[in-house]
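Reader: Hi! Could you walk me through this one? I'd like to start with how the chains meet.

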Amino acid sequence: MFLTVIGALNEGFLQTLKLFFVTLLGALPLGLVICWGSMTRFYPLRWLCRFVVWVIRGTPLMLQLYIIFFIPGIVMDQSPWPAGESGRFLACAVAFILNYACYFSEIYRGGIQGVPRGQQEAGQVLGMTKVQIFVHVTLLQMIKRIVPPMSNEIITLVKDTSLSRIISLQEVIWAGQAFLKTSHGYSGLLWPLFFTGVYYLVFNGLVTLLLGRLEKKLDYFS
Amino acid sequence: MAILEVNNLEKHFGATRVLEDISFDLEQGKALAIIGSSGSGKTTLLRCLNFLETPDQGTISVGGNIIFDAANHRSQTDAEIRKKRLHFGMVFQSFNLFPQYTALKNVTLAKELLARERPDFKSNKKAILEEIQQEGLELLTKMGLEQRASHYPNQLSGGQQQRVAIARALALKPDILCFDEPTSALDPELTGEVLRVIRGLVEQKTTMIIVTHEMAFARDVADEVMFMDKGVIVERGPARSVIENPQEERTQQFLAGY
C-alpha cells in the first residue's frame, strides 16, 4: 500500500515540479521586462506596468487562476484552453507566470535602484553603452542584492503551486486528496494528504540550500 | 593652442542657476585646479565636461573641434556622445570602482568592451585582449599597485582604490583627465599617496582639471588655479599667485579659511 501511495504522490509531485520550473523560467525574464517597463521614462508604458503590478499583487492568486481558466471560455463561447490536464496546466502556467513576474519585477526594481548611481556614471564616463552598463556593471550587483528576497519568493512559489488544485490540476495535493475517496484501489486513506507536506518540506530544503550557496558565492564582493 | 575651450556654459537645476557664463581654456599638458566652497558649481562643471550633466547653454571644444553645443545637442545619437565623452576621463570622489571585478579588470573592462567594436576583433581576439591586459598591468605598476592586480576593491584601502580608479581613467587615454575631489573621502595618510600619484601625472604633462580642497597641493602642483563661487568664475591665474596673493575679495575671504 505504501509504495502504491508513494507512486501516486510522486506522479503528482512531478506535475508540481513542472509547474514550479515553468513558472520560474517564464517569470524570471518577464519580471525583468515589467521592471524595465515600470522604470521607463515613457510614462504611458510606466503607468500601464505599475497598474498591472498593482492589480496582480492586489488580488488573490486563487482568484486569478479562476479568472484565467474560466473567463476566456465564457467570453469567447469556447474555452481557448485545450481540454484535459494539458489545458489546465497551460492555464495554471499563464496565471503563475503573470503573478510571479509582477512580484519579481518589484524585487528587481529594488535591486537595480539599490546599486549606487556612481556605478552607472563610472560606466558612462568610460564610454560604455546602456546595455553594456547593465550587463557588465549593474547586473551582478543587482543579483547579489536580490538573492535574499528572491529566496523568500521562490520558496513561496513552491507552496503556491498547490493552489492549482482548485482547477483540478493533478499535482501532489490533488493526488493525496484522491485517497480520501478512492484512488489506485484504496479508499478513505487520510495520511497520504498529510504526507504531501514531506514533499514540500524536502524540496524547499533543497531550494534553500541552493540559494544559500549562491548567496555565499557572491560574498566575495561588497 | 588650447586643447580645451569652454564657452558660455550655463546650467540650471530647476530654477536654481548652478553655472553661469563659464568660459575658460586649458593648454595641452597643463594642470588646472578648481577651488571654491561646496555648492559653488565646481563638481557640476566637471560633470558637464564629462556629459554626466547636460549644460543648458554654451559650447565645449577639444582640440579645436566642438564636441558639445547646447544648441544642437539633442540631435546627437548615443553613439556620437559616447565617442566624444572619451576625450575626458573622470576620477570620482567616491572612487566608484566596480566591486565585482579585480583591480586589473576594473582597469581593462571598458577597453575590452571598446575593442569589440574593432573590425579585426574577431580574427585577432586573443592578441588584442592580451595587449589590453598588459597595458592594464603596466598602468597598475605605474600606480604602485602591481601586487594588488588580482585584489577586489573591498580588499584595498581607500588610497589604493583611488589609484586603481586613476589607472582605470588613464586606460582609455583621455585628452583631459578630470578629478572630482579625489582625496575628500580619504584620511590624511592615504591622501598623501593619491596626491603623489597625481603629482607624478603632472610631471608627465598630463592635461588635467582637478577639483580640490587641498590648497597647498593646488598651489604646489597645479599650473593654474581657478576660484569659483555661486556658479561663476571669480578669479583665475597662475597657481601660486592666486593662492598666495588673491586679487578678488571673495577669493581672499575663501582662502582666509585655510
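Author: Happy to. Two residues are in contact here if their C-beta atoms, placed from the backbone, lie within 7 Å. This is a predicted model, where local features need pLDDT of at least 70 and side-chain atom pairs count only at pLDDT 80 or more, while totals for chains, interfaces and linings use all residues. Residues are numbered from 1 along each chain as its sequence is written, and chains are lettered from A and ligands numbered from 1 in the order in which they are written.

Reader: Thanks! How many residues of chain B are in contact with chain A?

Author: 19 residues of chain B are in contact with 18 residues of chain A. On the chain B side, helix 2 (78-85) and helix 3 (103-115) are the elements that give two or more residues, and helix 3 of chain B gives the most, with 4 residues. Helices (H or I, at least four residues) and strands (E, at least two) are DSSP runs, numbered from the N terminus.

Reader: And what is that side of chain B like by class?

Author: It has 12 nonpolar, 5 polar and 2 charged residues. Ala, Val, Leu, Ile, Met, Phe, Trp, Tyr, Cys and Pro count as nonpolar, Asp, Glu, Lys and Arg as charged, and the others, Gly among them, as polar.

Reader: Is B:Lys84 buried, exposed or partly exposed, and where does it sit?

Author: B:Lys84 is in helix 2 of chain B. It counts as partly exposed because it has 18 C-beta neighbours inside 10 Å. The scale is this: 20 or more other C-beta atoms within 10 Å of a residue's own make it buried, 12 or fewer exposed, and anything in between partly exposed, with C-beta atoms placed from the backbone.

Reader: Changing topic: what domains does chain B have?

Author: Domain 1 (2-87 + 174-256) and domain 2 (100-173), with bounds from an automatic or database domain assignment. Taken over C-alpha atoms, their centres are separated by 26 Å. Across the boundary, 10 residues of domain 1 of chain B are in contact with 10 residues of domain 2 of chain B. On the domain 1 side, helix 6 (residues 188-203) of chain B gives the most, with 4 residues.

Reader: Which residues touch the most other members of the largest nonpolar core?

Author: B:Ala33, B:Cys178 and B:Val225, out of 75 residues in that core. A nonpolar core is a set of buried Ala, Val, Leu, Ile, Met, Phe, Trp, Tyr and Cys residues joined through C-beta atoms within 7 Å. Both domain 1 and domain 2 of chain B give residues to this core, so it lies between them.

Reader: Nice. What about strand 9 of chain B, buried or exposed?

Author: 6 of the 6 residues of strand 9 (residues 224-229) of chain B are buried, so the strand is largely enclosed by the rest of the structure. B:Glu224, B:Met226 and B:Met228 are buried on one side, and B:Val225, B:Phe227 and B:Asp229 on the other.

Reader: Which strands are joined to strand 9 of chain B?

Author: Strand 3 (residues 31-35) of chain B runs parallel to strand 9 of chain B, with 4 bridges. Strand 10 (residues 232-238) of chain B runs antiparallel to strand 9 of chain B, with 6 bridges. Two strands pair if DSSP finds at least two bridges between them. Strands 9 and 10 of chain B form a hairpin with 2 residues between them, and B:Lys230 in the turn has a positive phi of about 50 degrees.

Reader: Last one: what is the secondary structure of chain A?

Author: Chain A has 8 helices and 2 strands, in the order α-α-α-α-α-α-α-β-β-α from the N terminus.
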